[in-house]
Structures are given as structure tokens and as C-alpha cells.
Amino acid sequence: MVASEAAPFAKTGGLADVLGALPRALSQLGHSVDVVLPRYRGITAGKPIGRLLVPQGELGAAAAVFSHCDGGVQTLFVEHPAYFDRESLYGEGGQDYHDNAARFGFLSRAAVEWAAIYPEPYDVIHVHDWQAGLVPVFLRQGGAPVYRRVPVICTIHNLAYQGVFDPDWLPQLGLRSSLMSPDALEFWGRISLLKGGIVFSDLVTTVSPRYAMEIQTPEYGCGFEGLLQSRSRDLVGILNGIDYDQWDPARDPYLPQPFDASRLDGKTAAKRALLERAGWSADEAGLRRPLIGLVSRMVDQKGFNLLTELGDTLLTLGARFVVLGTGERRYEDFWRALAAKSPGCVFANIGFDEEMAHAIEGGADLFLMPSRFEPCGLNQMYSQRYGTVPVVRSVGGLSDTVQNFNRATGAGTGFAFDEYAASALLDTLRRALRTYEDRDAWRRVQRAGMQQDFSWDRSAREYVGLYERAGSGGAQGRAAHPST
Ligand code: ADP
Ligand code: GLC
């Protein structure tokens, strides 16, 4: 596998959780997996095992490779300080690094060169997101002969990030200028590295069945809908799992007391700890008052403009909010201002804090995720596991993983709305808060969520089936491609 993030080494979002868990789950099924990652600043894991010459047009350079083995998975870190020894993964001060095409082109080419010298050829190559999108392009454009036919799978974790650059990068990346064509990398007059991944891979996956359908429509396709429709037979949605080694209330070191569906007092202890952390009294009344958690990148995708639209109305619901996240300045400022205005009602931590993410999943009663679009989403699954009832917009993976509560039957694992509108969110929050007052109904929703199977084992088996399908030539796509 090739990717730009993997927990616990480098993380900005769910991609890292997936790369931290899927390879291990595959290993537990008896497969052997190597993951190629950049050796970013601060990564100390791994021992040097070799050097590569990465021929990349005018930008060719050497890279050292470090290997780290854990949980049956080998992580291979590509070291090239000029590209990866930087403050952050993708950019600083709200700006992407100007040379991201070169940085991730380099990672992709290094992975291909590594595979070529590795004594045992890999059976399948699986690349993730635009940062690894050039891997199949390099392979099909004259990689080592042994890899001309190896199956390549490309997983789209988020179609909104497309790796779009000026076509002038092509020669600098060591790629032919003929790739600037609509049936190759060209995308609205520029080049898209994600398009390279989609066009040149045998099979394309995304991270939930519903998102796999959605991205074939203009509403969610981000300009790729035509291409994805043309590959619909090779496009598969496989729901992410969650890593129970990291996210299990029965053995979470960040919680004061373990709990599960049959022992919920630990959940009250977690709420008490969270209230105290926010500086609020954890007396009877404090414990009774509903507590809404939110852990998120603060970006449009996550529905933050619905929350800013509701503004002060959020303060009138009788609930409290504990919010953790970073992202766009205006959304960070919104939560800072709301917390300053009503410190008894809103606590906002504008930062990235793994421990607090666990404390919120453990201690909150409800979890808010009103996304505009959501390829899969992990927090709503963590929430259900932790008896924290999600309030979500029914879209993408949220729709596949949260069953809307039905008052008549008492069935459901959360509260969902369809229309992307502040009023729909508000109605749904009110509906959830009314149900919270009915202790029996609430317990049922909590328990139903806690009993869902979100294990990686299930998803990993689906990937294995797909690898087999790709290996047996069951894909339609690239053979017909004119540029290969
Ligand atoms: P996305 O990848 O789109 O951001 P996901 O729900 O798939 O959304 O995954 C987000 C992951 O990042 C989760 O593990 C979540 O807990 C974590 N996360 C997001 N923001 C923060 C933060 N500020 N502090 C700690 N963890 C965070
Ligand atoms: C992306 C998506 C998120 C998904 C994650 C892991 O970051 O935004 O919905 O859960 O990738 O696949």
C-alpha cells in the first residue's frame, strides 16, 4: 500500500486511521502487507534498510528507506528531507506547499522503485488518495516488467481532494506530456493526480457503498462523475471498519473506567470527567443535562456552515457542547466566540488532541456530524461504540452506518436528517434531545449502537475478495487505455 498518512505515525484525519488498521486486519487474515509512507519530521520509528535512486525527471534524487515492523505489517518510510522534513504534512498557514506535486510524485515513484528491487514481487498494489495516484501511472508507463500486469487498486477516501496541478509539472515528474489528455491526467485544463489513480488502476474503491453511488452524480462527483460512471463496473464501495484496539470503551486507557453495553456506569464516570475537564460542575444537574460532543476537521465538508447559521440558537437547546477541532479560521473563531459568550454552555478546544477525542467519545451523550458530504466518517462509528448517540446528516457513510431512530418501533442507532439545511439539523437535534429525556428509549438507542459490528475483519475480507478479482483479470478498465 502507498499512502500519505498512517496512524500512529502521521495523521490529519480518517485516512490515517484506515492505514493504521486495514493492513493489520489483512495480516490477521494471513496476508503480508507493506505500507510505504513519507518519513515526515518527528517520525523516529524504523531502521535504515537501503537507498533508492528515484528518477523523477529534472527532480530525480536519492532517498533512504527505513523499515519498521509491527503487528505483522512492515512500514517503509521514504526519507527525503527536502520534501518531508517540514512543519506539517501538506502545508502551512492555510496554504498548501507549492511543491506538493513533486513531494507526492516522489513518494509514488519511490514506491515503484522499491517494488522493482524488492526480491519477492508484490501480488497487488493498493494506493490511497491523490497523493499516491501516480503509482499506477508510473507502473503502466514503463515500470519494471514484472509490474506491468500486477493488479493495482486505487481507493478514494475523499473525492474533494483531487491533487490538481499545473501541467508544467509533467516533465518535472518524469512523465510524458501526452498524459495531458482527457483520457489520462487532464482535468479541466490542469492535471489531477487522483485522476491518474482512477484511470490507470484496475479497480477503484471508495469507503462506503452509498458514497460509491453518490460520486457518480453531479451533486457529489466533484467533476469526476462522468469518469466514475464510465468505470462503474470497476467501482466498489467498501465500508471502513474501526480499530477496536484503539477505540473500545471496555479497554480505552483514556477513560476513567471501562464500560460496555451491559455496564454503562463507566459511561457516567466518563461524562463526569469530561464535565470537569470543561470546568463544569459534575453534580446531579450537570450529569443530567445533555452533553453534545463534536470532534472534527472544521471545514465545509463537515457541515459547519449549518452550525454557524444556527449560531446563538444552539445556546437555547438546554444542552451543552464540547467541541474539539481545527480547520478554517472562520469556523474556529465561531466556536471560540460562542465559548467566550457562554462559557457555561460551550467548551471549545481549537487544537488536535487524541486523548481529548477519546474523552469526548466516552463522555458525551450525543455526537454531532451534520456533514455536507461524508465518504465514510469514523467518528459516528466510534460514537456508537461508546454509547454516544450520533446526530448526522444521512449522506455517504453516515447513511450506511447510522439508522435513524423510529419512535413508533423504538428501533434505531442515532438521529438523521436528509436536507442540507440548518432548520433540518435543528429539528433533528430537538428530536434527539426529547428522546434523551425518555431514559428507556435512550438506553435502547445507545445499546443498539454499541452492538453494531464495525470490525475491520469484515471490511478486510471484502478487500481480499477484491484483490482476488483484480488478480484474476476481472476488471474492465485499463486494458483498453490508449496511453498505456
Ligand atoms: P475525516 O477523515 O474526513 O476528517 P473521519 O471521521 O473519517 O473524518 O476521521 C477523522 C479522524 O480524525 C477521527 O479519528 C477523529 O477522531 C480524528 N480527529 C479529527 N479532528 C481531531 C482533533 N482535532 N483532535 C483529535 N482527533 C481528531
Ligand atoms: C476521508 C473522508 C472520511 C473517511 C476517511 C477515511 O478523510 O473524509 O469520510 O472516513 O477519509 O476513509
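## Two domains

The C-alpha centres of domain 1 and domain 2 lie 33 Å apart. Domain 1 covers 14-241 + 458-471, and domain 2 covers 265-453. These bounds come from an automatic or database domain assignment. Across the boundary, 17 residues of domain 1 are in contact with 19 residues of domain 2. Contact means heavy atoms within 4.5 Å.

This is a predicted model, in which local features need pLDDT of at least 70, side-chain atom pairs count only at pLDDT 80 or more, and totals for chains, interfaces and linings use all residues. Residues are numbered from 1 along each chain as its sequence is written, chains are lettered from A and ligands numbered from 1 in the order in which they are written, and side-chain values use heavy atoms, with hydrogens and water left out.

## Ligand 1

Ligand 1 has 20 residues around it, and G14, R297, K302, G351 and L378 come nearest. A residue is near a molecule or strand if one of its heavy atoms lies within 4 Å of it. By class, this shell holds seven nonpolar, eight polar and five charged residues. Here Ala, Val, Leu, Ile, Met, Phe, Trp, Tyr, Cys and Pro count as nonpolar, Asp, Glu, Lys and Arg as charged, and the others, Gly among them, as polar.

Four elements each supply at least two residues of the shell: α1 (14-28), β14 (291-298), β15 (320-327) and α14 (379-385). The largest share, three residues, comes from β14. Helices (H or I, at least four residues) and strands (E, at least two) are DSSP runs, numbered from the N terminus.

Side chains reach oxygen atoms of ligand 1. For K11, an N or O atom of the side chain is 2.9 Å from one. For K302, a polar side-chain atom lies 2.8 Å from one. The backbone takes part too: a polar backbone atom of G351 is 2.8 Å from a nitrogen atom of ligand 1. Taken alone, ligand 1 exposes 550 Å², and the protein buries 93% of that. Accessible areas come from the Shrake-Rupley method with a 1.4 Å probe; for residues, only the protein chains shown count as cover.

## Ligand 2

Where does ligand 2 lie relative to domain 1 and domain 2? Both domains give residues to its shell, so ligand 2 lies between them. There are 14 residues around ligand 2, with H157, N240, E374, C376 and G377 coming nearest. The shell has six nonpolar, six polar and two charged residues. Its largest share, three residues, comes from α1.

An N or O atom in the side chain of H157 is 2.7 Å from an oxygen atom of ligand 2. For a polar side-chain atom of N240, the distance to a ligand 2 oxygen is 2.8 Å. For the side chain of Q301 it is 3.1 Å. Ligand 2 taken alone exposes 310 Å², of which the protein buries 93%.

## A buried helix

Helix α13 spans residues 354-363. Eight of its ten residues are buried, so α13 is largely enclosed by the rest of the structure. Buried means under 20% relative accessible area, exposed over 50%, partly exposed in between (1.4 Å probe, protein chains only). The buried residues include M356, H358 and E361. They pack against α9 (265-277), β14, β15, β16 (346-349), β17 (366-369) and α14.

## S4

S4 is found in the segment before α1. At 0% relative accessibility, S4 counts as buried. Its side chain makes a polar contact of 2.8 Å with the side chain of Y90. A polar contact is a pair of N or O atoms within 3.5 Å; within protein, one must be able to donate a hydrogen and the other to accept it, and residues adjacent in sequence count only if both atoms are side-chain atoms.
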